[in-house]
Amino acid sequence: VQLQASGGGLVQAGGSLRLSCAASIRTFSYYDMGWFRQAPGKEREFVAAISCFGSSTNYSESVKGRFAVSRDNAKNTVYLQMNSLKPEDTAVYYCAYHMRCGFLRDRYNYWGQGTQVTVSS
């Protein structure tokens, strides 16, 4: 398994969660990493992304100001800190990567299994 997401769970509205995605990729630091989510009955959507060395980030409008993406290349791990969570953030969250650096909104080709985030009102 190349990407392993964890950290999901049940949280009340206004609460916080931190997702982690551990990558077993030898060249992890060369690639952009993205977070996506899919709610029941909806299409998968982009949430956030971070460039290969962490110098650039990009967020969807729906999470901007509440979520923060970061990475630790020494640990081959990318994180998604989620604050001020809302019921509409409920979804399965996925991490992904593509073999490019600095193209945060380009297509992501490699996906991990998801982790469920449920926000209760």
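At 63% relative accessibility, Glu61 counts as exposed, where exposed means over 50% relative accessible area, buried under 20% and partly exposed in between (1.4 Å probe, protein chains only). Glu61 and Lys64 form a salt bridge whose closest N and O atoms are 2.7 Å apart; the term stands for a side-chain nitrogen of Lys or Arg within 4 Å of a carboxyl oxygen of Asp or Glu. By this rule the count comes to five salt bridges.

The model is predicted, so local features need pLDDT of at least 70 and side-chain atom pairs count only at pLDDT 80 or more, while totals for chains, interfaces and linings use all residues. Residues are numbered from 1 along each chain as its sequence is written, and side-chain values use heavy atoms, with hydrogens and water left out.

Arg37 takes part in a salt bridge with Glu45 (2.6 Å, N to O) and in another with Asp89 (2.9 Å, N to O). Asp89 sits in the loop between strand E8 (77-82) and strand E9 (91-98), and Arg37 in strand E4 (residues 32-38), so this pair ties together parts that are 52 residues apart in sequence. Strands here (E, at least two residues), like helices (H or I, at least four), are DSSP runs numbered from the N terminus. Asp89 and Arg37 are both buried, Arg37 with a relative accessible area of 6%, whereas Glu45 is partly exposed at 34%.

In soluble globular proteins, nonpolar side chains tend to be buried together. Beyond its neighbours within four places in sequence, Tyr93 is in contact (heavy atoms within 4.5 Å) with residues including Leu19, Phe36, Arg37, Leu80 and Met82.

Strand E8 is mostly covered, five of its six residues being buried. E8 pairs with E3 in the antiparallel sense over six bridges, pairing being assigned if DSSP finds at least two bridges between two strands. Within that pairing, Leu19 stands opposite Leu80. E8 also runs antiparallel to E7, again joined by six bridges, and here Asp72 stands opposite Thr77. Four residues lie between the strands in the hairpin of E7 and E8, where Asn76 takes a positive phi near 50°.

Ser51 is buried, with a relative accessible area of 2%. A polar atom of the Ser51 side chain lies 3.2 Å from the backbone nitrogen of Ser55. Leaving out residues up to four places away in sequence, Ser51 touches Tyr31, Asp32, Ser56, Arg71, Gly102 and Leu104.

Note on methods:
Polar contact = N/O pair within 3.5 Å; in protein donor to acceptor, adjacent residues only side chain to side chain.
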